[in-house]
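Me: Hello! I am new to this structure and would like to learn how to read it. Could you walk me through it, beginning with the metal site?

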Amino acid sequence: MDKELVFGHQKPDTDAITAAMAFSYFQNQLGYETEAVALGEPNSETQFALKKFGMKAPRVIETAANEVSKVMLVDHNEPQQSVKDIDQLTVTHLVDHHRIAGFDTAQPLWATLRPYGCVSTILTEMFREKHIEIPADLAGMMLSAIISDTLLLNSPTTTDHDREAIEYLAKVAGVEDYNKYGVELLKAGADVDSKSDADIVDGDAKTFELGGVKMRIGQVNAVELEDVFKRQDDLEKTMKSLMADNGYELFLLLATNILTSDSQLLVVGDSNLDKVEAAFGHKLGDNKRMDLPGVVSRKKQVVPPLTDAFEG
Ligand code: MN
Ligand code: MN
C-alpha cells in the first residue's frame, strides 16, 4: 500500500495539528502507512501543549503531490483551506466538523462528519469504537485540542460528546484538573503582546467566498481586548496589505476575550459594510468595530449570519 499523508487546514490550530497526529496513529494501527504533516508551524498554544505532553510537531509541507498521490484530510474540507495542490491528489479519508463547501471528489471515500465541537472528539469516539488504546501523550494533545476548539467547553459549538471526551482523555492523559490546565493552555495562546501584527490578524484566519464576495476572517484570543486594539492602526495596515495582495474585499478580525467569552469584531473594507452590520444587527462604530457579546465561534456564530446576509 502506498504511503499517505494526513493533514489539517492551513494556519493550523491545535485541533488541525493534533487531529492529523491522532488520525495518522489510528490509521497506522489499522494497517495503513501514513504520516501526519502540517500546513504550517504550530502556534504558541499548540507549542505549549506539545511541550507539556512531550510530543514533536509534525513536519511542515508546502505541497503534497511531489511525495504522495493519496491524502487524508482532517479538520477541513474546503479546497482553499487545504494544501495548494489538493486538485492533484486523491482524498481517501476525511474527518471533519465543519460545513461542507466546494468539496468534490472523483472517487468514493471514507468520510466521518459529526457536528461536534472538535475533530479530536470525533477521533476519541473512533478509537473507542475500534477498541484502540490512545497513548497518554496523544490523549493529552487531544484533550488540548478540545479545550482549544471549545474554549474550555464555553463555545456554543460544544456538545455532550465533547464533554464526555474531555473527561475520558483527561483520565488517559493523567491530567488531574483539566479546567486548571485549560486556562493555562488558552492563556499560552492568548499572549497578544508576543505576537506580530500579521500573527494577530492572519495567524488563525480563513478565506470564505460568500455571495461572490471573497473575505478573510481572522480570530485572535486575548485575556484583555485592549491588548489587541491598542495596536489597531498597525493591525489595519497589515489587514489592508493582505487584502491588496490576495484580493480579499473584506477583512474581519474577531477578537475574543477567553475569560468572559465575549468578542469585538473589527471590519476593514470599502464595500458591503452594510451587509456585515445587517448580519449581526449591530452598527459599526467610528472605530470600525462592533461589540459581539457572547460570540466566540467563527464557525457557528460568525460565518452563518454572514452567509445569510451575503447570500440570502
Ligand atoms: Mn481548526
Ligand atoms: Mn477543529
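Reply: Gladly! Along the chain, the donors of the manganese ion (ligand 1) follow the spacing H-x3-D-x61-D. Donors here are N, O and S atoms within 2.8 Å of the metal (3.2 Å for Na, K and Ca), and water is not among the atoms, so sites may look incomplete. This is a predicted model, in which local features need pLDDT of at least 70 and side-chain atom pairs count only at pLDDT 80 or more, while totals for chains, interfaces and linings use all residues. Residues are numbered from 1 along each chain as its sequence is written, chains are lettered from A and ligands numbered from 1 in the order in which they are written, and side-chain values use heavy atoms, with hydrogens and water left out.

Me: Which protein donors does the manganese ion (ligand 1) have?

Reply: They are H9 (NE2), D13 (OD), D13 (OD) and D75 (OD), at 2.1 to 2.8 Å from the ion. D75 also coordinates the manganese ion (ligand 2), and the two ions are 3.5 Å apart.

Me: Are H9 and D13 buried or exposed?

Reply: Buried means under 20% relative accessible area, exposed over 50%, and partly exposed in between (1.4 Å probe, protein chains only). Both H9 and D13 are buried.

Me: How do I read the sheet?

Reply: Strands of a sheet pair through backbone hydrogen bonds, either parallel or antiparallel. Helices (H or I, at least four residues) and strands (E, at least two) are DSSP runs, numbered from the N terminus; two strands pair if DSSP finds at least two bridges between them. Here an open sheet of 6 strands has parallel pairing and the order β3-β2-β1-β4-β5-β6. Its edge strands, β3 (59-60) and β6 (110-113), each pair on one side only. β5 (residues 90-96) pairs with β6 over 4 bridges, and H93 stands opposite W110 in β6.

Me: Where does helix α3 pack?

Reply: Helix α3 (residues 119-129) packs on the sheet, touching β5 and β6. Contact means heavy atoms within 4.5 Å. Of the 11 residues of α3, 9 are buried, including V119, I122 and F127. The buried residues of α3 pack against α1, β5, β6, α4 (136-150) and α5 (160-173). Just after α3, H131 takes a positive phi of about 55°.

Me: And what about the whole chain?

Reply: The chain has 11 helices and 11 strands, and 57% of its 312 residues count as buried. Its C-alpha trace spans about 60 × 45 × 30 Å along the principal axes.

Key: Axes fitted to C-alpha atoms, helices over the stretch in contact; angles between N-to-C directions.
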